[in-house]
Amino acid sequence: MNIKKIIRTLCLIGLITSSALANTNADFEVTRITENVYSIISPSFGLPTPENKGWNSNSHFVVTKEGVLLFDSGSSEAIGNKIKSAIKTITDQPVRWVVNSHSHADHWLGNAAFADTAIEIITSSQALTVMKKYGEEDVKFYSKVTKGTIGPTQLVYPTLLLTQGQKRNFGGVDVEFIFANDGHSPGDVLMWLPKEKIIFGGDVLSSDWMPVITGHGNVPNLINTLYAIAKLNPTMVLTGHGSATTAKSVKRDAYLLSSVWKQVKTDSKNDKTADETLLNIRAKLGPKYEPLYKDFTSEIERHVKLMYKLQRT
Ligand SMILES: [Zn+2]
């Protein structure tokens, strides 16, 4: 595994912060969002570890008249099976459709657990390309960092590719798919329930933690997507990591990212260094934003440095 690959893999897991929680024996508890929408929230945020057995991301599901629509299947087949058992505590209906929000391992390696009942596994073509490129390496990486506690995983790829803005009806539930135009990673897909006004954001949307920008994402497109989602005015925002939230968090992230992006642009033109920008941003934005995130202090430095890098390439 070369260094570039390691960095990519670390990015995909989200943020590697010292404050990452290392939850151990948490159950796959189901939280009811509305009458037919539920979340399974991982108490772990950050790296997969032997303690969390690789479970570091959220899954959400919609119970329809014709089966369950699952959004993200977890980091391994074993985790997928736990998600499957958790869904069974709510409904006898099988999972008929799986949506993978993006290509990062913690959002799709659980697909194999649903291969027996799913008629479609859904994502974008860009995400599928990345899954095919890195899937095997990702399984090995997750196995290594969890010291094998994650168990074996068979790769099961998506079978249905979406187009931007595609509308579907799953068992009587209207759904729209929104692309983030690579905001967080290539081919990110968000799922919008227009009647219920619920957005499933994957890693494009955040709640308690700073927005997850990556070296292979597109920050301006992420900012535009955040503004577009805020405009939809969702009553409930379901995220790839962290707890459920509201449109307020989406606006907060849009304002913060656009302020930092603009500042980096101006400073970089004026030959300032990333460290100077960071000092300036901490002074200007810290008082407002630090209390709004669990990891502002550590993450803002990564954001500024990464944005410098992205704007120079
Ligand atoms: Zn991700």
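I looked up H5 and H6 first: they are roughly antiparallel to each other, a label given to angles over 145 degrees, with under 35 as roughly parallel, 65 to 115 as roughly perpendicular and the rest as oblique. The angle between H5 (residues 247-269) and H6 (residues 274-289) is about 155°, and their axes are 10 Å apart. Axes are lines fitted to C-alpha atoms, for helices over the stretch in contact, and angles run from 0 to 180 degrees between N-to-C directions. Helices are DSSP runs of H or I with at least four residues, strands are E runs of at least two, and both are numbered from the N terminus.

I note for the record that this is a predicted model, in which local features need pLDDT of at least 70, side-chain atom pairs count only at pLDDT 80 or more, and totals for chains, interfaces and linings use all residues. Residues are numbered from 1 along each chain as its sequence is written.

I listed the H5 side of the contact as Leu256, Ser259, Val260, Gln263, Val264 and Asp267, and the H6 side as Glu276, Thr277, Asn280, Ile281, Leu285 and Tyr289. Contact means C-beta atoms, placed from the backbone, within 7 Å. By class I get six nonpolar, four polar and two charged residues. Here Ala, Val, Leu, Ile, Met, Phe, Trp, Tyr, Cys and Pro are nonpolar, Asp, Glu, Lys and Arg charged, and the others, Gly among them, polar.

Next I checked H6 against H7 (residues 296-312): the axes come within 10 Å and cross at roughly 135°. H6 is therefore oblique to H7. Ala274, Thr277, Leu278, Ile281, Arg282 and Tyr289 of H6 meet Phe296, Ile300, Glu301, Val304, Lys305 and Tyr308 of H7. This contact has eight nonpolar, one polar and three charged residues.

I then turned to asparagine 58, in the loop between strand S2 (37-40) and strand S3 (59-64). Is asparagine 58 buried or exposed? It counts as buried, because it has 30 C-beta neighbours inside 10 Å; the cut-offs are 20 or more for buried, 12 or fewer for exposed and partly exposed in between, with C-beta atoms placed from the backbone. Leaving out residues up to four places away in sequence, asparagine 58 touches Ser39, Ile40, Ile41, Ser42, Asp72, Thr239, Gly240 and His241.

Last, I took the chain totals. The chain has seven helices and twelve strands, and 50% of its 313 residues count as buried.

Conventions:
Contact = placed C-beta atoms within 7 Å.
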